[in-house]
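This report looks at how parts of one structure pack against each other. Please have the sequence and the model at hand while reading.

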Amino acid sequence: MTSVMLAGGAFAADDAIRIGVPVGLSGANSVVAPSVVQSAELAVEEINAAGGVLGRPLELVIADDASGAAGAQKAFDSLVFQKEVDVLISMETSAARNAGLPIVSKGKVPYIYTSFYEGRSCNPYLFVDAWVPEQQVPPIVDYLKAEGAKKYFLIGSDYAFGRGMLEFARSYVESTGGEVVGEEYLPMDGTDWTAIISKLKASGAEAMITSTAGGAPNVTLTKQLRGAGVDLPYANLAVDEGTAKSMGADAAGILISASYVTGIDSAENKAFLDAMTAKFGDELRTPNDLSVPQYEAVYLYKAAVEKAGSTDAKAVLDVLDEVSFTGPRGSIQMSKQHHAPLTMYLGQVQEDGSVVVVETFKDVDPGEQCPKL
């Protein structure tokens with residue numbers, strides 16, 4: 001576990017507002033976690049340089065959750081009860097999030113979850129500024145249908161996110177007249193997709209949709225698909241722009257649906273990208289749909305603390321759905337049952353790993369996520 005304070009020197013060191021970041025620095029998320037940490041570091045540095053929050057500096061406390069449930073229990077417990085953080089802000093696997101939530105409830109700490117996920121995780125302390133299936137899946141399936149696909153093969157990692165995303169995908173495919181001809185899963189840490197790829201090739205599928213644990217599983221699955229000569233239209237519900245870039249030519253042609261791509265043409269996104277480049281230089285990890293929500297969540301927390309006039313958990317939770325922040329993705333407000341309406345981008349990965357936007361969908365509603373909150 002590491003503690004990082006990025007302050008201007010005018011603050012009292014013992015007066016910091018502590019932001020806990022449990023994140024998968026090892027395990028499946030290790031490919032993407034460094035970009036998440038970088039974006040959090042930039043947000044904290046910018047806020048502290050501008051005077052902090054209520055005159056106090058922000059401090060990051062980062063813990064490796066190993067991308068899974070057991071590691072998350074240790075990381076959350078340490079952050080909440082030993083480090084006594086004021087808030088948790090993190091991108092994690094669904095397995096890690098689910099394992100950490102009971103600790104969040106026990107410790108009564110606000111938790112802003114910054115990862116796209118399968119939806120319907122409802123807890124009074126949990127807010128989400130990333131997308132859910134209702135926002136991500138329809139643009140992809142509608143596009144594939146328009147391209148002529150009627151038969152689909154689904155491949156996922158065997159845990160809450162993988163199954164939850166593909167359950168929604170299956171339902172949406174069938175509701176639009178398509179047919180799912182196969183649905184297969186591999187454990188989160190699985191690396192051999194050979195048997196599943198054989199089933200795919202024999203299925204008669206006209207398109208495939210995948211939803212893995214992100215990071216490393218995306219890399220192994222895509223490499224093996226390409227090695228087996230699979231050239232079906234390929235939509236990936238879990239690949240981020242940074243991971244796509246790391247896969248090189250193997251990722252070319254993959255369809256993604258995301259709330260952030262580096263090519264967004266706005267003053268806020270340009271300023272963000274310039275600041276990231278200036279801070280990290282050659283060490284910069286590609287900003288992506290997992291790291292940018294982390295950056296924006298730090299600012300959303302800042303806005304909530306300032307509106308509440310306090311870091312008191314109840315006071316902050318009472319106003320978190322009322323505050324907004326305009327950043328790289330546009331204006332973000334977690335106003336819909338602790339979730340956020342988002343502009344979504346349907347994109348296609350190019351040979352160099354960049355993403356070309358095919359279509360843009362403004363202010364997509366997350367749907368009924370947590371109506372009882």
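## Packing of H1 and H10

Ser35, Val36, Ser39, Ala40, Leu42, Ala43, Val44, Glu46 and Ile47 of H1 meet Ser291, Gln294, Tyr295, Val298, Tyr299 and Lys302 of H10, where contact means heavy atoms within 4.5 Å and helices are DSSP runs (H or I) of at least four residues, numbered from the N terminus. By class, this contact of H1 with H10 has nine nonpolar, four polar and two charged residues.

The model is predicted, with local features needing pLDDT of at least 70 and side-chain atom pairs counting only at pLDDT 80 or more, while totals for chains, interfaces and linings use all residues. Residues are numbered from 1 along each chain as its sequence is written, and side-chain values use heavy atoms, leaving out hydrogens and water.

## Glutamate 45 in H1

Glutamate 45 lies in helix H1 (residues 33-49) and, at 32% relative accessibility, counts as partly exposed, a class between buried (under 20% relative accessible area) and exposed (over 50%), with a 1.4 Å probe and protein chains only. Between glutamate 45 and glutamate 59, 14 residues apart in sequence, the C-alpha to C-alpha separation is 9.3 Å.

## Serine 90

Serine 90 belongs to strand E4 (residues 87-90), a strand being a DSSP run (E) of at least two residues. Serine 90 is buried, its relative accessible area being 0%. Not counting residues up to four places away in sequence, serine 90 touches Pro22, Tyr111, Ile112, Tyr113, Thr114, Ser115 and Gln294.

Technical notes: Ala, Val, Leu, Ile, Met, Phe, Trp, Tyr, Cys and Pro count as nonpolar, Asp, Glu, Lys and Arg as charged, and the others, Gly among them, as polar.
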